[in-house]
Amino acid sequence: MVKRVLVLEDESSIRSFIVINLHRAGYEVVEAENGEEALEKLSAYPDIRVALLDIMLPGIDGFEVCRRIRAVNTQIGIIMLSARTQEMDKVTGLMTGADDYVTKPFSPAELTARVDALFRRAGGMEVDSGEIYLAPFRLNTRNRTLEKNDDRVKLTQVEYSIMKLFMENPGKALSREEILDAVWGRDYLGELKIVDVNIRRLRLKIEDNPNNPACITTVWGYGYKWGS
Ligand code: CA
């Protein structure tokens with residue numbers, strides 16, 4: 001499966017540096033030199049999961065590109081690249097819908113770590129088919145909804161992300177740490193207990209008998225898994 005990433009950067013030396021390092025980390029990179037080209041490439045490659053956007057560009061700037069992407073795509077992960085370090089940039093970037101922010105110059109390790117984290121958060125390693133079906137559950141990954149026996153189950157965004165993680169990994173024991181990383185992100189500094197609390201709440205919504213769960217079961221001393 002192809003892990004596709006878009007890199008928008010007008011300076012060719014920086015773009016090459018990014019491309020080489022992302023290739024090395026196993027990514028297919030689609031390159032763009034300006035905002036218009038980036039938007040065209042995003043339509044041409046709908047499986048792009050993460051976009052790295054430089055801010056200072058000829059033509060429309062990176063913030064505007066970010067805004068235009070977000071207007072039509074809430075799923076893609078967006079990392080802003082900037083040579084400037086003002087706090088204002090960071091705020092502006094996040095306000096326009098970016099997920100993360102890297103300040104130049106950055107190391108290859110820093111770059112790939114950020115892209116890896118966002119790639120996972122942007123929907124896992126599978127190509128998005130739009131639906132995951134594990135009877136009696138149907139998870140729609142386009143509109144982020146869950147149905148059980150054709151009835152809608154109302155989930156929070158966090159509950160949805162947990163459900164998706166389990167349905168993508170049926171039968172696999174997932175540690176609390178893995179769940180925390182996948183759902184809240186690697187940078188999250190809270191306690192592991194938040195995983196247990198959310199799973200308890202999710203069970204109340206999806207299990208026939210929440211006191212004796214059959215869907216999300218406990219792996220004692222480790223974490224949880226889908227199925228028994
Ligand atoms: Ca630039």
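Biologist: Where does Arg-144 lie, and why is Arg-144 called partly exposed?

Modeller: In this predicted model, Arg-144 sits in the loop between E7 and strand E8 (145-148). Its relative accessibility is 26%, and since buried means under 20% and exposed means over 50%, Arg-144 falls in between and counts as partly exposed.

Biologist: What makes the phi of Arg-144 worth a remark?

Modeller: Most residues other than glycine have a negative phi, whereas the phi of Arg-144, which is not a glycine, is positive, near 55°. Asp-150, in the loop between E8 and strand E9 (151-153), likewise has a positive phi, near 70°.

Biologist: What makes the peptide bond from Ala-135 to Pro-136 cis?

Modeller: Its omega is near 5°, and Pro-136 is found in the loop between strand E6 (131-134) and strand E7 (137-140). A cis peptide bond also joins Lys-104 and Pro-105, with omega about -5°.

Biologist: How do you know how H7 and H8 are oriented to each other?

Modeller: Helix H7 (residues 176-184) and helix H8 (residues 193-206) pack at an angle of about 80°, with their axes 9 Å apart. Angles of 65 to 115 degrees count as roughly perpendicular, and H7 and H8 are therefore roughly perpendicular to each other. Among the residues that meet there are Leu-180 and Trp-184 in H7 and Ile-194 and Val-195 in H8, and by class the contact has six nonpolar, one polar and two charged residues.

Note on methods:
Residues are numbered from 1 along each chain as its sequence is written. This is a predicted model: local features need pLDDT of at least 70, side-chain atom pairs count only at pLDDT 80 or more; totals for chains, interfaces and linings use all residues. Side-chain values use heavy atoms; hydrogens and water are left out. Axes are lines fitted to C-alpha atoms, for helices over the stretch in contact, and angles run from 0 to 180 degrees between N-to-C directions. Helices (H or I, at least four residues) and strands (E, at least two) are DSSP runs, numbered from the N terminus. Angles under 35 degrees count as roughly parallel, over 145 as roughly antiparallel, 65 to 115 as roughly perpendicular and the rest as oblique. Contact means heavy atoms within 4.5 Å. Ala, Val, Leu, Ile, Met, Phe, Trp, Tyr, Cys and Pro count as nonpolar, Asp, Glu, Lys and Arg as charged, and the others, Gly among them, as polar. Buried means under 20% relative accessible area, exposed over 50%, partly exposed in between (1.4 Å probe, protein chains only).
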